[in-house]
Structures are given as C-alpha cells and as structure tokens.
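Subject: Structure for your review

Dear colleague,

Please find the structure below, together with its sequence. A summary of the findings follows.

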Amino acid sequence: MIKLVNVNMTFHGKQVLENINLEIARGETMVIIGPSGSGKSTLLRLIIGLLKPDSGEIWVDDKELFRLSEDEINAVRLKMGMVFQYSALFDSMTVGENVAFGLRQHTKMTDEEIAAVVRRKLRIVGLRGQENTMPNELSGGMKKRVSLARAIAINPEVILYDEPTAGLDPIMSGKIDRLIAGTQRRMNVTSIVVTHHMPSAFNIADRIAMIYNGRIVETGTVDEIRHSENPLVQHFIQGQKIAGLAKRRLRE
Ligand SMILES: Nc1ncnc2c1ncn2[C@@H]1O[C@H](COP(=O)(O)OP(=O)(O)OP(=O)(O)O)[C@@H](O)[C@H]1O
C-alpha cells in the first residue's frame with residue numbers, strides 16, 4: 001500500500017532522513033517510534049505529500065507521489081486522513097464545521113448529507129451531539145477525538161497520526177488507543193502512528209519501526225521489538241519507562 005524506497009531528506013543542508021526504506025501493508029498499523037528530533041514527523045509529512053524528498057521514491061498503491069501532477073497528488077491525498085500533533089482544529093469554527101471541513105472542500109455533498117456524516121463520525125469518537133460546541137470548550141482528549149472524526153469524515157484508506165496521545169492522562173490515552181484500533185478494524189484502514197508513548201505503541205501496533213538520527217534502526221512486530229537485542233531499541237524502550245516513572249513520581 002505504502003512504500004518508501006531509499007528516501008533522503010535534508011533541511012538547510014542538514015540530513016534529517018537518510019536512506020529510509022519502509023513498506024506498510026494495506027490494513028496494517030505501523031507505529032514509528034524514536035527520540036525527539038529523529039525525523040518522525042518529517043516522515044509523515046513526506047508520506048502525505050506535504051514535503052518532497054531530496055531523493056528516493058514514495059509509493060501509494062501503484063503511484064509514485066512525485067511523478068504525479070499537482071491534481072493527481074491531491075487525489076492521492078484524499079485517500080489519507082491526518083490527525084495532527086496538537087489537533088489543529090480551526091478555533092473559530094464549531095466542532096461540526098471542523099469535522100465537515102474536508103467534505104465541503106472536496107465533495108459535492110449536500111448540507112443534509114454532510115450533517116449526517118458529521119453526526120455519524122462524532123458518534124463513532126464518542127462525541128454524539130457536540131456539533132455546536134466550540135473547540136476552546138473541549139479538553140485536550142476531546143480535541144484529539146474531534147481531529148480523528150475530521151480525519152475519518154472523508155472515509156480515508158490511510159490515517160496518519162502524529163503523537164495522538166501526547167499530553168493526555170493514561171485513561172484518555174487508553175481511550176484514544178482503543179479508538180485507533182477500533183477505527184482500523186471498522187474501516188480496515190492502513191494506520192501510521194508516530195508516538196513516544198511505548199504502552200500505546202505496544203497496544204496498537206502490528207509492526208513498529210524505530211528511527212534514530214534519521215535512520216530506521218529496527219523494524220519488527222511488537223514481540224520482536226520488545227525482545228530486540230539492538231541496544232538503541234532497548235535503551236529507548238527502557239528510557240521511556242523510566243521517563244514515565246519519573247513523571248508519575250513528580251505528580252505524587
Ligand atoms: N521545516 C523545517 N525546516 C528546517 N528544519 C526542520 C523542518 N522540519 C523539521 N526540521 C528538523 O528536522 C529534524 C527532525 O524533525 P522532526 O519534527 O521530523 O522530528 P520528530 O522525530 O518528529 O521530533 P518530535 O518527536 O520532537 O516531534 C529536527 O532537527 C528539526 O529541527
């Protein structure tokens with residue numbers, strides 16, 4: 001479904017991604033882990049066609065993104081929904097208008113049809129009847145759920161999530177994890193999830209890829225990653241556990 005071949009990316013002469021090769025099958029949930037600044041968000045932005053790599057190929061189905069015209073890239077993008085790191089809702093629009101945004105931009109649906117889709121998607125994310133609420137009246141977790149409702153409104157084949165549980169308490173994180181897994185099952189979407197949060201990664205992943213300094217240092221199933229002998233991987237997993245414990249102690 002999605003394939004990156006020898007992808008390289010630099011910003012102002014600094015190599016941010018180096019020789020990335022990654023294949024994600026249809027219906028698979030691929031979780032990308034790695035330290036801050038390792039290139040995870042850049043990878044997502046390349047896959048959704050917001051950035052162009054310096055070299056390499058990015059395939060979505062049988063189409064290589066950067067051989068396409070702008071119109072063709074837009075058509076591929078319509079297969080993808082993105083849940084952004086800070087939810088990225090439009091503050092001046094109601095929840096309903098936020099969820100409807102993509103449908104208004106890219107379809108010829110009538111107002112009634114759009115309202116029906118919005119109602120259905122809000123119900124799926126547990127926000128039934130919140131159409132007229134403004135984003136600033138919502139908690140962080142609720143905003144993430146609106147962002148997910150907006151991403152699934154266009155019935156995407158691929159959903160990309162950038163740090164979906166960042167800043168959420170463990171109960172809300174668990175809820176978001178279940179929504180991600182439930183959405184995958186219900187819509188049979190391909191999911192790509194960037195996260196620092198190892199419990200989430202282990203909960204939802206079919207496979208995990210770890211990026212370190214712009215390179216993929218390991219790809220494997222949850223079990224393979226848990227038992228990896230790569231010290232970078234173990235260090236990251238253990239480090240996240242220690243960071244979690246330290247945070248809990250600070251709160252106590
Ligand atoms: N538009 C840009 N212009 C210049 N440098 C950038 C740009 N976007 C990202 N970078 C740099 O690329 C590197 C990778 O950034 P990226 O956001 O992909 O990392 P990340 O792994 O997602 O980090 P985090 O977990 O902190 O979100 C960083 O050094 C960042 O400063």
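Helix 3 (residues 95-106) packs against helix 4 (residues 111-124) at an angle of about 125°, their axes being 9 Å apart. Here helices (H or I, at least four residues) and strands (E, at least two) are DSSP runs numbered from the N terminus. Axes are lines fitted to C-alpha atoms, for helices over the stretch in contact, and angles run from 0 to 180 degrees between N-to-C directions. Helix 3 and helix 4 are therefore oblique to each other; under 35 degrees counts as roughly parallel, over 145 as roughly antiparallel, 65 to 115 as roughly perpendicular, and the rest as oblique.

Please note that this is a predicted model, in which local features need pLDDT of at least 70 and side-chain atom pairs count only at pLDDT 80 or more, while totals for chains, interfaces and linings use all residues. Residues are numbered from 1 along each chain as its sequence is written.

The contact of helix 3 with helix 4 involves G96, V99, A100, L103 and R104 on helix 3, and I114, V117, V118, K121 and L122 on helix 4; contact means that C-beta atoms, placed from the backbone, lie within 7 Å. These residues comprise seven nonpolar, one polar and two charged. Ala, Val, Leu, Ile, Met, Phe, Trp, Tyr, Cys and Pro count as nonpolar, Asp, Glu, Lys and Arg as charged, and the others, Gly among them, as polar.

The axes of helix 4 and helix 5 (residues 140-153) come within 9 Å and cross at roughly 130°, which makes helix 4 oblique to helix 5. Helix 4 contributes V117, V118, K121, L122 and I124 to this contact, and helix 5 contributes A149, I152 and A153. The contact of helix 4 with helix 5 holds seven nonpolar residues, no polar ones and one charged.

For helix 3 and helix 5, the axes come within 7 Å and cross at roughly 25°, so helix 3 is roughly parallel to helix 5. On helix 3, V95, N98, V99, F101, G102 and L103 meet V146, A149, R150 and A153 of helix 5.

Yours sincerely

Terms used. Contact = placed C-beta atoms within 7 Å.
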